[in-house]
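Have the structure open as you read.

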Amino acid sequence: MLLTGFSTFVGLLYLLMLVLAVVALIMASMAREDAYRAADKQKKSFWLIILGITVAVNLFVPMLFLQLAGLVASIVFLVDVRPALQAVTGGRGRGGGSSSDGPYGPYNGGR
């Protein structure tokens, strides 16, 4: 009984690490390359490789040490790199803002 509960917990933990890595990989792929340079972070290709390896390790290599290293990389991306990218790009993502917005605010006088 106890062993079954523990194995279920570990399985859920592995699934959570995989989902976190996939989410981080998707977010890393959606950001622009120049935003990484402007935020003074590693290149986009660096993060895509690291997070891609993390997803592959979580899927195919059942070694907890490697999965924990990937978890650290995913957390670093989500907690440090992604907020810096959002600060550089204005935090709006793709297609945000009004059609009358200029680089310093709205052209319509703030109405």
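Glu 33 and Arg 37 form a salt bridge, their closest N and O atoms being 3.7 Å apart; the term stands for a side-chain nitrogen of Lys or Arg within 4 Å of a carboxyl oxygen of Asp or Glu. Both residues lie in helix 2, 4 residues apart, about one turn of the helix. Helices here are DSSP runs (H or I, at least four residues), numbered from the N terminus. Glu 33 is partly exposed at 30% relative accessible area, while Arg 37 is exposed at 56%; buried means under 20%, exposed over 50% and partly exposed in between, with a 1.4 Å probe and protein chains only.

A word on the basis: this is a predicted model, in which local features need pLDDT of at least 70 and side-chain atom pairs count only at pLDDT 80 or more, whereas totals for chains, interfaces and linings use all residues. Residues are numbered from 1 along each chain as its sequence is written, and side-chain values use heavy atoms, leaving out hydrogens and water.

The salt bridge count comes to 3. In another of them, Lys 41 meets Asp 80 at 3.1 Å, N to O. This pair links distant parts of the chain, 39 residues apart: Lys 41 is in the loop between helix 2 and helix 3, and Asp 80 is in helix 4.

Now turn to helix 3, whose buried residues include Trp 47, Leu 51 and Val 55. Its buried residues fall within an arc of 165° seen down the axis, so they line one face of the helix; the arc is taken from the directions from the helix axis to the C-beta atoms. On the other side, Ile 49 and Phe 60 are exposed.

How values were computed:
Helices (H or I, at least four residues) and strands (E, at least two) are DSSP runs, numbered from the N terminus.
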